[in-house]
Amino acid sequence: MDPESSGQWPAFDRAVRRWRIAWLVTVAALLVAAPAAVLAIYVSDRFYRLQEIPFLSPMVCWLATGALIVYAPRWGWPRLRARLVPAVVLAFEVVPLLPLMLLWAAFAPGPSAVVAVEVSSDGRHEVVTHYVKDVIDTLCAVRLRERVGVFSRQTSVWTGVEGERCPQRVSFIGDDRISILDGRGREITARFDAGRMQLGQLVRQSS
């Protein structure tokens, strides 16, 4: 029994309408989420908590959008015009952003392994000693980080040369100064501007 002969066309039309609305909302959300994820990944070196976003998330959004566009006729959306606009938007996103992501993946530093964390007395900042995989070598580095939420910033404090050991100790002096005792026992200090999250010049104490 078809919908017309059973008098079920109004209910059938409502179901189709709801499906089409859900399709449009899902496609729009995916098309917005993909470039937003690319931007978040791009700025994650500064806003370090965004590093939790998976690198493949934009590609997953693009593949899901493509599948919704291709298979829409099978799900009751036969009009080409309704699918053409999201298809064009998808193409304008993928063509410039996908090569950019591949270049970033090829040259970006690898994941870091945390060695030690020291928190400031007011709890707003921390210094993190960690190993980071460079293009060729694994280096030891120290970074200053905020602890204020999703958009907490970070900045580089010190990076050792190839083969240099991690500092023996990293600590805060007051609320705006960092002390580093390097692997050879030499002290390095630096002041930082908490508002701009910028570091002053490193000062090496005379031995």
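**Entry 1: Phe55 and Trp104**

I began with Phe55, which is partly exposed at a relative accessible area of 24%. The model I am reading is predicted. I then looked up Trp104, and at 36% relative accessibility Trp104 also counts as partly exposed.

**Entry 2: aromatic pairs**

I searched the whole structure for aromatic pairs and got three. One of them is Phe47 with Phe151: the ring centres are 6.2 Å apart and the planes stand at 85 degrees, so I noted the pair as edge-to-face. Phe47 sits in the loop between helix 2 (9-42) and helix 3 (57-71), while Phe151 sits in the loop between strand 3 and strand 4, so this pair ties together parts 104 residues apart in sequence. I checked accessibility for both: Phe47 is partly exposed at 25%, and Phe151 is exposed at 56%.

I went back to Phe55 and Trp104, which form a stacked aromatic pair, with 5.5 Å centre to centre and 15 degrees between the planes. Phe55 belongs to the loop between helix 2 and helix 3 and Trp104 to helix 4, so the pair ties together parts that are 49 residues apart in sequence.

**Entry 3: a charge over a ring**

I also looked at Tyr48. Arg145 lies over the face of its ring, 4.4 Å from the ring centre.

**Entry 4: helix 4**

Does the length of helix 4 agree or disagree with its residue count? I took residues 80-107, which are 28 residues, and at 1.5 Å a residue they should span 40 Å. The end C-alpha atoms are 40 Å apart, which agrees. I did find a kink of about 30 degrees at Leu97, shortly before the proline Pro99. Leu97 is buried, and I listed other buried residues of helix 4, including Arg83, Pro86, Leu90, Glu93 and Met101.

**Entry 5: cysteines**

How many disulfides does the count come to? I got one. Cys140 and Cys166 form the disulfide, with their sulfur atoms 1.9 Å apart. The link is right-handed, with 115 degrees about the S-S bond. I placed Cys140 in strand 3 (residues 138-146) and Cys166 in the loop between strand 4 (154-159) and strand 5 (169-172), so the pair ties together parts 26 residues apart in sequence.

Are these cysteines buried or exposed? Cys140 counts as buried at 1% relative accessibility. Cys166 is buried too, with a relative accessible area of 13%; the cut-off I used for buried is under 20%. I looked up Cys61 as well, and at 12% relative accessibility Cys61 counts as buried.

How values were computed: Residues are numbered from 1 along each chain as its sequence is written. This is a predicted model: local features need pLDDT of at least 70, side-chain atom pairs count only at pLDDT 80 or more; totals for chains, interfaces and linings use all residues. Side-chain values use heavy atoms; hydrogens and water are left out. Helices (H or I, at least four residues) and strands (E, at least two) are DSSP runs, numbered from the N terminus. The expected span of a helix is 1.5 Å times one less than its number of residues. The bend at a residue is the angle between axes fitted to the seven residues ending there and the seven starting there. Buried means under 20% relative accessible area, exposed over 50%, partly exposed in between (1.4 Å probe, protein chains only). A disulfide is a pair of cysteine sulfur atoms within 2.5 Å. Rings of Phe, Tyr and Trp (its six-membered ring) pair if their centres lie within 6.5 Å; planes under 30 degrees apart count as stacked, over 60 as edge-to-face and the rest as tilted. A charge sits over a ring if NZ of Lys or CZ of Arg is within 6 Å of the ring centre and within 35 degrees of the ring normal.
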